[in-house]
Amino acid sequence: MTTTTIDDAPFIEPSTKARRNYLNDEYGVLSWLLTKDHKRIAIMYLFSVTLFFVVGGVLAFLMRLELLTPEGDMFTSDTYNKLFTLHGIVMIFFFLIPAIPAVLGNFLLPIMLGAKDLAFPKLNLLSWYIYMIGGTFGVIVIITGGVDTGWTFYTPFSTQYSNTKVFLTTMGAFITGFSSILTGLNFLVTTHRMRAPGLTWFRLPLFVWSMYATSIVIMLATPVLAITLVLLMVERVLQVGIFDPALGGDPVLYQHMFWFYSHPAVYIMILPGMAVISECVAAFTRKKIFGYKFVAFSSLAIAFLGFLVWAHHMFVAGISVYSAMIFSFLSMLVAVPSAIKVFNWTATMYKASVSWQTPMLYVLGFIGLFTIGGVTGLFLGALGIDVHVHDSYFVVAHFHYIMVGGTIMAYMAGIHYWWPKITGRMYPEWWGRLSALLVFVGFNLTFFPQFLVGYVGMPRRYHAYAPEFQVLNVLSTAGATILAVGYLLPMLYLGWSLKFGRKAGTNPWGAVGLEWATTSPPPKENFHETPVVTWEAYDYPAFLKAMRETQHV
Amino acid sequence: MSDVTLHHGAEHAAEPHGHEHHHPFLQHHFEDMGQQHEASTLGMWFFVAQEILFFGGIFAAYFVYREMYPDAWKAGSHHQNWQIGAANTVVLIGSSLTMALAVWGAQGARRKFTTLMLVLTLILGAVFVGVKGYEYAEHIHEGLFPGASFTYTEATPALTRGVELFMTFYFTMTGLHALHMVIGAGLLLYFIRRAWRGDFGPEYYGPIEIMGLYWHFVDIVWIFLFPLLYLV
């Protein structure tokens, strides 16, 4: 076992003179808006997705306020419908899907591969503009009156009956899809063609494997959503019956096509989270990830199996019981590669010298919450239980455990872990730990009661509910308040650290990986000279030896 | 574990760095022209893969409704003029030939030949889209455009509705295809200018090659659309 202690880490003292890096290389608004540097584009994405996260969070908080009391006393049911629809659309299409790939992936993937940039820098910039155009549609929808179909746009309500801004919203989702396709395409080609000398596939960090799997899902699933939304818009504009049963269409076909994208989209959201977790576990246990190849291939297995399970969203939509049985079985299979990851991360921590910095606290939160989310996913994949809890708060709790407890926890872990690399400054550790704790407590208090209230029958998507559900709903709203503080704090102290944070050296964590072999923040071309990789993934002694031999700083 | 295994595995590293001079079109983040060429070609293949899924979705929906309304599908395809469609198919295949010749020309730095072939490809593509527009005008004239202006009536209301659905698919599928043609035409204009300027040669013909990949893909989509909408 290649366990090392923290003393072995080459903690290189930060140099005092200002070095040229990607941040101070050029100045001015245009040097950002026209940049082709993947790192600057990542920063632009960071600001954009944070903005949408705040918008989505405010919408969620308004809903939680309404649900404090059983009566629908704060918003009308129509307004409430718009709130949960916009919350879903903003969080999924404009935050969760781009968050980790477009921010952390964009910044790190080329550096981890030892490349100067992504394969297609102009497409990368274009993807940000496309994202912003799609986002503008979303903002226009919010300003001009909202949309009330639910984020799933189920037909025929969305095409024939809803008189809200369905066309603009689907247009926004359609356009944003192309931005993730371009990002995925860029990642795939870069991983295939731009690896540094010596960097074989099995020397790649697990982050890259997971991003690669994510990119495959993005490339193969997103276009199907695009064509589905095209058909939806055609139906809505022409008033023909593609999906409207009254006009001869088939609404279940819409659901098939929608979930053919939107179930894999769950893996577009969680696989990048797993990517971050693998890196952080290796860094804070100071060990090689247990079963590297299993973890690497389990990402591909999740990407593959993710395409075969979509109809488990439709068990009560009138599909045949035999196909439901097959989809149920296949859904159970996804648990296998997911469990491989969880067990291997846990096995990596076994007898390791774990250090308890903020990213690691988020990692532990992720592993626990993702496990709860995954296991309740098995409940929902089982035919009988799904019929019982379908469309209840149990489902709401389940997917928030995956997406908030999983993806956002991982995103927070990643932002903290790579913050010194991105900005060259350390965040304040004590505040980081406090916010990690608040997020964990607040999250569980928000969503665990929803499992209970859903199991006893509270349906989702209503602004009023039976009085006996109030206690659990009050707990949930209280939790949401704590969670909000937990999310606001990092925005404050991370901003503070930009000016006042301790200067970070090249490798503040003593971690393994090419991103820790270049300066913080990295120079514009990522490395002063092209790195040559001579070590296996997460091989601490070999990496540290190579660093000692090559570092001139 | 930490044996020094230099230049092992990464494809581009295996190739010797033959030309030390920097080609004017080598982008700074690539090691050499070979890596740049491979990256752009692979990128276009991945792009084509996502295009297949894009069109695949609407083909799947097409087949679902074809199974549901076989009579309407049959009646609908009888409103297509297969002679025009077949002639247009020949035009499109011709444009694929000129496109392939343009790639050959670019590889050999045959400046005038390449430009001529690209111009021919553009003309043939424009003819295709023009004929398509003529067909659309005919359908609209017959009241076959779905929606409020759909005034065509078949024997029974159910059949009429089915034909309207067929025509919805017809217009959406061929419309998306035509949109791809128009985008391709815009790219051709750009490459005609570059080819005339003499940008391409044995070391740098990748852009023309991936333009060709795109163009051939759009043609192949039509090869599937034509029988599904006109013949069966």
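Predicted model: local features only at pLDDT ≥ 70, side-chain atom pairs only at ≥ 80, totals over all residues.
**Reading the helices of chain A**

Me: Where does α8(A) bend?

Reply: Look at Trp259(A): α8(A) bends there by about 35°.

Me: And how many residues of α8(A) are buried?

Reply: 32 of the 35, so α8(A) is largely enclosed by the rest of the structure.

Me: Now for pairs. What describes two packed helices?

Reply: The angle between their axes and the distance between the axes. Here, take α6 (residues 166-193) and α7 (residues 206-238), both in chain A. Their axes come within 8 Å and cross at roughly 155°. Angles over 145 degrees count as roughly antiparallel, so that is what α6(A) is to α7(A).

Me: What is the handedness of the crossing where α6(A) passes α7(A)?

Reply: Left-handed. Sorted by class, the contact between α6(A) and α7(A) has 19 nonpolar, 7 polar and 1 charged residues.

Me: Let's pick one residue of α6(A), Ile175(A). Is Ile175(A) buried or exposed?

Reply: The cut-off for buried is 20 or more other C-beta atoms within 10 Å. Ile175(A) has 21, so it counts as buried.

Me: How far apart are Ile175(A) and Tyr131(A)?

Reply: In sequence, 44 residues; in space, 7.2 Å from C-alpha to C-alpha.

Methods: Residues numbered from 1 in each chain as written. Chains lettered and ligands numbered in written order. Axes fitted to C-alpha atoms, helices over the stretch in contact; angles between N-to-C directions. Helix = DSSP H or I, 4+ residues; strand = E, 2+ residues; numbered from the N terminus. Parallel < 35°, antiparallel > 145°, perpendicular 65-115°, else oblique. Left-handed = near helix turned anticlockwise from the far one by under 90°. Nonpolar A, V, L, I, M, F, W, Y, C, P; charged D, E, K, R; others polar. Bend = angle between axes of the 7 residues up to and from the residue. Buried ≥ 20, exposed ≤ 12 C-beta atoms within 10 Å, placed from the backbone.
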